[in-house]
Amino acid sequence: SGIVRCADCGEKLYYCTSKNFEARQDHFVCSTSRLKGKEICSTHFIRAVVLEQDVLAHMRLTIACVANHEVQFRKAMGAKQKAEAKKELAAKRRQLTQGERRIEELDRLFKRIYEDMVNGKLSEARFQMLSDDYEQEQEDLRAKIEMLENEIQNQEDQAENVDRFIRQAKKYLYLEKLTPTILNDMVNAVYVHAPDKSSGHRVQDVTISYNYIGILPANLLYDVMNGKAA
């Protein structure tokens, strides 16, 4: 129950059961609307058996998509070809190394001009101008290095997260029922939306956010399986 959340306010949904309930009567309800009223957040109520069926169906669809269309799934997730990723990462690491070496060189240059000023080979005004230039260049380089480090980390994480998710999904190729272990292994959160009764029927959406990869809409999965994904 800890992963089930309200799609509007983001708070957890309470799991409600009783020895007087039949199993089909167990349900989840938004903690915000229950504690603070419907004017704060409309009631997000869903029966546990319905939620379990919806989540199980989506997980089976996702696992089938990954298992049978892995190449297309990777492409749809924006995972780069390994060769391309390695090439980009290598170029960024070279820039990173060059920036770090230039900072070290600027430290040596600063020391040298300071010694020249002390020895009378360089005027104080000239020293100040050069030192200001060196300090500004170092500051710019440090900012660039930080940006490169973040880009490298994000790129590595993105590719690795897709791999991690695929490995997790393949562990459950023959998923028959949900267990706490399976849910914790694959799912970060389940968002329950407010019901829509505008059509005359009660329609309620459930959105699953998976570990490592986030939300996978069913239409995206169908597009991947039918060869329509970009």
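Apart from its neighbours within four places in sequence, Leu-56 is in contact with Leu-175, Glu-176, Lys-177 and Leu-178, where contact means heavy atoms within 4.5 Å. Leu-56 itself is found in helix H2, which spans residues 48–68, and the residue is buried, with a relative accessible area of 12%. Here buried stands for under 20% relative accessible area, exposed for over 50% and partly exposed for values in between, with a 1.4 Å probe and protein chains only.

## Basis of the description

The structure is a predicted model, in which local features need a pLDDT of at least 70 and side-chain atom pairs count only at pLDDT 80 or more, whereas totals for chains, interfaces and linings use all residues. Residues are numbered from 1 along each chain as its sequence is written, and side-chain values use heavy atoms, with hydrogens and water left out.

## Overall architecture

The secondary structure of the protein comes to seven helices and seven strands, and from the N terminus on these elements run β-β-β-α-β-α-α-α-α-α-β-β-β-α. The radius of gyration is 28 Å, well over the 17 Å that the globule rule gives for 230 residues, so the protein is more spread out than a compact globule. The elements are DSSP runs numbered from the N terminus, with helices (H or I) of at least four residues and strands (E) of at least two; the radius is taken over C-alpha atoms, and the globule rule is 2.2 Å times the number of residues to the power 0.38.

Taken along the principal axes, the C-alpha atoms fill a box of roughly 95 × 45 × 35 Å. Among contacts between residues at least 6 apart in sequence, 58% join residues at least 24 apart.

## Surface and charge

Buried residues make up 35% of the 230 residues in the protein. The accessible surface comes to about 14700 Å², of which 48% belongs to carbon and sulfur atoms; these areas come from the Shrake-Rupley method with a 1.4 Å probe, and for residues only the protein chains shown count as cover.

The protein has 35 positive and 35 negative side chains, with the centres of the two sets 7 Å apart. Lys and Arg count as positive and Asp and Glu as negative, while His and the chain ends are not counted; the place of a charge is taken as NZ of Lys, CZ of Arg, CG of Asp or CD of Glu.

Arg-102 is placed in helix H4 and is partly exposed, at 24% relative accessible area. Not counting residues up to four places away in sequence, Arg-102 touches Leu-109, Glu-137 and Leu-141, and its C-alpha atom is separated by 8.1 Å from that of Gln-138, 36 residues apart along the chain.

Leu-122 has its place in the loop between helix H4 (82–118) and helix H5 (124–170), and at 17% relative accessibility this residue counts as buried. With neighbours within four places left aside, Leu-122 is in contact with Ile-113, Asp-116, Met-117, Phe-127 and Leu-130.

## Loops around strand S6

Gln-204 lies in the loop between strand S5 (187–192) and strand S6 (206–210), and it is buried, with a relative accessible area of 15%. A polar atom of the Gln-204 side chain lies 2.8 Å from the backbone oxygen of His-193. Beyond four places in sequence, the contacts of Gln-204 include Phe-45, Ile-46 and Val-192.

Tyr-212 lies in the loop between S6 and strand S7 (214–215) and counts as partly exposed, at 42% relative accessibility. Although it is not a glycine, Tyr-212 has a positive phi of about 75 degrees. Most residues other than glycine have a negative phi.

Notes: A polar contact is a pair of N or O atoms within 3.5 Å; within protein, one must be able to donate a hydrogen and the other to accept it, and residues adjacent in sequence count only if both atoms are side-chain atoms.
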